[in-house]
Structures are given as C-alpha cells and as structure tokens.
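Here is a short report for a first look.

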Amino acid sequence: MAKPRSGAKKATPAAKKVKSTKPGVLKTASKSVAKAAAKLVTKATGSAKAEKKASAVKKKSEPAAAVKKAATQVKEVAVKAATKVKEIAKGKEAAPKGKESSAKGREAAARAEIVMPPQAEKPRPRATKLPPLAEPLNKRDMEQLLTAGAGRGVVGEGSLKGRLTVLDGLPCLVVVGRDKRELNFILQGPDQEVLPAYLDHKVSVSGLIKKTTNYGGTVDVRKFSAKKPEAEAPEPEPAEAEPRLRYLSPGEVSQVISAGMGAGMKGFAALRGNLEMTGEEFVLVVSNGGTRQQVSFILEGKGAKGLRKFLGQTLSVTGVVDKSSGWGGRIDVENVEPRPSELRPISREGLETVQVEGEQPGSIEVRLNHAFTVRLQEQPGFTWAIEPTAAKRVGLREANFEPSSDGGPATREFFFTPRNPGSSEVEFFLAKAFNPGQVERSFKLNVTVKP
C-alpha cells in the first residue's frame with residue numbers, strides 16, 4: 001500500500017511543471033499532463049499486482065480501492081492542468097490584441113507629435129517695479145542720446161517719442177534720431193504687458209532712459225500715451241519733381257555775378273559784394289557797381305536780419321542764390337561774414353574836388369588827375385547809374401551808397417578822377433534796380449578836363 005501512495009504524491013511535480021510552462025508552448029504542456037496521468041495509472045496497476053503476489057491473505061477489494069483512489073487523484077490533476085491550459089490559451093489570444101493596440105497607440109502618438117505645435121517657452125521674467133527717480137537729462141545728454149553711433153552709457157530721466165513695435169515678444173520704441181537713423185529702446189516696467197496692444201501706434205513715453213548701446217537701450221516707463229495711427233490717405237498724383245539744389249561750380253558763380261548772364265540759375269553759393277539798401281530791402285552789389293550793368297541781389301531769410309550795421313561794407317554772403325534776370329535776383333541767406341574791401345579807396349587829400357549836388361544839368365571844369373563828385377538822391381526800388389563806357393572815359397572810381405541818418409531817402413555819391421584831357425558828356429539814369437532798361441528819369445552833365 002505504501003508504493004501506490006508514493007506514486008500518487010508524485011503527481012504534484014507534474015502539475016507544478018505545467019504551471020511553470022510558458023504560455024507560448026501549449027502542445028508541450030498538454031503532452032506532459034497526459035504522460036503524467038499515464039504514469040500514475042501504470043504505477044497504480046503495478047502496485048496492485050505486487051500486493052496480490054506479496055499477500056494472498058488480503059482482500060481483493062484493497063487493490064481496487066487503491067486504484068480507484070489513484071484514478072481520482074489523476075483526474076484532479078488533469079482537471080487542474082486543463083484549467084491552467086485554458087488560462088494560458090486566453091493569455092496568448094489577448095497578447096496579440098495588446099500588441100496591436102500598443103502599435104496603434106504608437107502610431108497615434110507619432111501623428112500627434114507631427115500635428116501638435118511646439119511647446120510654448122517659459123514666460124520670461126519681466127520688470128514689474130520701477131527704479132527710483134534719477135537726474136533729468138540735459139540738452140547735451142539728449143543730443144548724445146538721439147545720435148546714432150554715440151551716447152553709450154547716458155542715463156537719466158526724460159521722454160521719447162516714436163513708433164511702437166514688438167521685438168522678441170517685448171515692446172520696443174523705434175525713435176528717429178538726429179541724422180534720420182533709427183534707435184531701438186526696449187520698454188519695461190509694470191506697463192510692459194499692456195504696451196504690445198499699441199503696435200504701430202505713435203507712442204510717447206517718459207521715465208528712466210538708459211542708452212546701453214550706441215544704437216538703443218531701455219526705458220523704465222513711468223507714463224505713456226499712444227495715438228492711433230492715421231488712416232492711410234490716397235496717394236496724391238505724382239507732381240513734377242523739383243530739381244534738387246546743388247552747390248554752384250566756380251564757373252557758374254562767375255556767370256551769376258556777370259551782367260546779362262546766368263538768368264534762371266539757382267543753387268548754393270557764396271558771393272562777395274557791397275551791402276546797400278533800396279527802400280526796406282538789403283541789396284548786395286556783386287559787380288559793376290554804379291553802372292547800368294550793375295548786378296545785385298536782394299537779401300532775405302532769417303540770416304538777413306541785423307544787417308543794417310554792415311551798410312556800405314564788403315560782405316561774404318552764403319545761401320541759396322536765385323538769379324531771376326541778367327542783372328540780379330534774390331539770396332536766401334544762411335550765413336553772413338564781413339570781409340575787407342577788395343578795392344582800396346583813393347585818398348582824397350591833396351586833390352582839388354569839384355562837387356555837384358542833386359540833379360543839376362550843366363557844365364563843370366576839372367583839372368587833369370584831380371577829382372569831381374556827384375551826389376544824387378535815390379528812390380526805393382530805383383538806383384542811379386551811368387553807362388559803362390562813360391564810366392571808363394571819365395574815370396569812375398567809387399559809387400558809394402550813403403544811408404540817411406534821419407530815416408530819409410539815401411543818396412549815392414559818384415567819385416571820378418579823370419585821366420584824359422578833353423570834353424565829354426556824362427548822362428545819369430534813375431532806373432529800376434533789377435531792370436536797368438526801365439528808366440524813371442535822367443540828366444546830363446558836361447565835363448571838361450583841363451591839362
């Protein structure tokens with residue numbers, strides 16, 4: 001009876017072997033279960049035969065009971081093995097589904113990575129507190145601040161105006177500097193989150209300005225105001241482009257100061273001449289003074305103020321010259337500088353001088369290499385002059401403009417030093433300042449030069 005019991009107990013390792021079998025080897029597990037069951041039946045039958053031979057006294061029912069008991073144990077082991085096989089089979093069927101689902105999950109994740117936008121960057125730290133008040137910027141600091149390529153390190157309280165843009169997510173004020181070059185200032189402070197809403201607006205800010213580079217810096221904004229950009233107006237029809245002003249060449253300047261030449265020329269130039277007045281206007285006589293070929297220009301503009309103290313002196317005038325006729329035009333004055341006279345005045349000491357006052361037609365006698373003068377009263381817009389040939393014949397030396405001290409009309413003095421003996425007629429014309437052909441009146445003076 002002991003051997004069958006030990007045989008029955010040996011069925012347990014077979015079951016353990018079935019439990020430890022991998023899920024993928026189903027056929028091997030079923031075969032091992034069948035072999036274990038066959039071995040148990042064989043051992044039970046052998047033990048029954050051995051008992052019959054060993055002891056004939058025992059009852060025949062005992063081997064049958066042992067066989068029955070062993071069969072029961074084998075049946076239980078077979079049931080447990082079958083249950084385990086079913087569980088393994090279910091796990092195997094579920095495994096492919098899991099693999100398929102995991103593969104599908106990976107594909108969906110890959111698609112999601114392609115479609116999904118990149119992750120947003122972490123918000124940058126922004127200035128939320130304003131620094132204490134600093135020294136205000138003076139005029140020199142502001143000039144350096146608004147000059148591109150200079151002013152690095154300038155710090156102080158001030159205000160700036162410009163156009164608002166957004167640079168790397170931060171509000172930036174684009175300011176037009178002194179030389180029309182743009183400067184960029186990052187705006188920071190508590191209003192930094194609000195300012196980007198005013199993109200492309202005209203913004204005025206005040207606060208602590210720091211020029212950290214030569215081309216920009218930062219502004220800690222204390223106050224700001226924004227103006228909505230104006231609606232774009234329709235483009236006007238292209239007008240005829242005006243010719244750009246340029247500096248006149250030396251050849252063109254010589255044409256400007258020559259009588260009867262250069263009419264219509266315009267440009268920057270520096271002209272030298274004697275300062276006179278006609279009415280309330282200042283006139284610069286540049287050539288042929290006192291003759292009917294005189295070239296003169298009316299001085300106007302801001303630079304023409306305060307010229308009364310230079311009357312009768314030689315000046316160098318720089319500005320925009322516009323020669324409207326062959327005998328002169330206008331100059332928009334930018335700069336005036338006094339200059340020494342190019343012609344030395346002749347000393348009148350020791351000269352016998354014959355003087356003529358006013359418009360007195362008649363005759364005079366003058367000694368050779370001596371002098372005579374004629375003083376005539378002028379009118380606003382008109383000037384006295386003589387013919388160039390007569391001026392050369394009787395030796396015209398000076399035609400001096402003499403303003404009145406009491407505010408009355410000015411006079412002009414003609415100073416002659418005859419060099420050739422004989423008689424000649426000199427005619428004086430009161431003509432338009434810039435149109436010598438338009439004569440108001442004239443008179444003649446006979447001059448006899450004695451040796």
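A residue counts as buried when its relative accessible area is under 20%. The model shown is predicted. By that cut-off, 33% of the 451 residues of the protein chain are buried.

**The whole chain**

The protein chain holds 7 helices and 18 strands. Take the contacts with a separation of 6 or more: 63% of them join residues 24 or more positions apart. The chain exposes about 28,800 Å². Carbon and sulfur atoms supply 54% of that area.

**Glutamate 359**

Where does glutamate 359 lie? It sits in the loop between strand 11 (353-357) and strand 12 (362-367). Glutamate 359 counts as partly exposed because its relative accessibility is 35%, between the cut-offs of 20% and 50%.

Setting aside neighbours within four places in sequence, glutamate 359 touches Leu376, Trp384, Arg441 and Phe443. With arginine 441, the side chain of glutamate 359 makes a polar contact of 3.1 Å. Arginine 375 is 16 residues away from glutamate 359 along the chain, and their C-alpha atoms are 8.4 Å apart.

**The second largest pocket**

This pocket has a volume of about 320 Å³. It is lined by 16 residues, and the closest to its centre are Gly279, Gly407, Gly408, Pro409 and Ala410.

Definitions and conventions: Residues numbered from 1 in each chain as written. Predicted model: local features only at pLDDT ≥ 70, side-chain atom pairs only at ≥ 80, totals over all residues. Heavy atoms only, no water. Helix = DSSP H or I, 4+ residues; strand = E, 2+ residues; numbered from the N terminus. Buried < 20%, exposed > 50% of the residue type's maximum accessible area, 1.4 Å probe, protein only. Contact = heavy atoms within 4.5 Å. Polar contact = N/O pair within 3.5 Å; in protein donor to acceptor, adjacent residues only side chain to side chain. Areas by Shrake-Rupley, 256 points an atom, 1.4 Å probe, with all protein chains shown as cover. 1 Å grid on protein atoms, 1.4 Å probe; cavity = no way out; pocket = protein on both sides within 12 Å on 5 of 7 lines; lining within 4 Å. Points joined across faces, edges and corners; volume = space filled by probe spheres on them.
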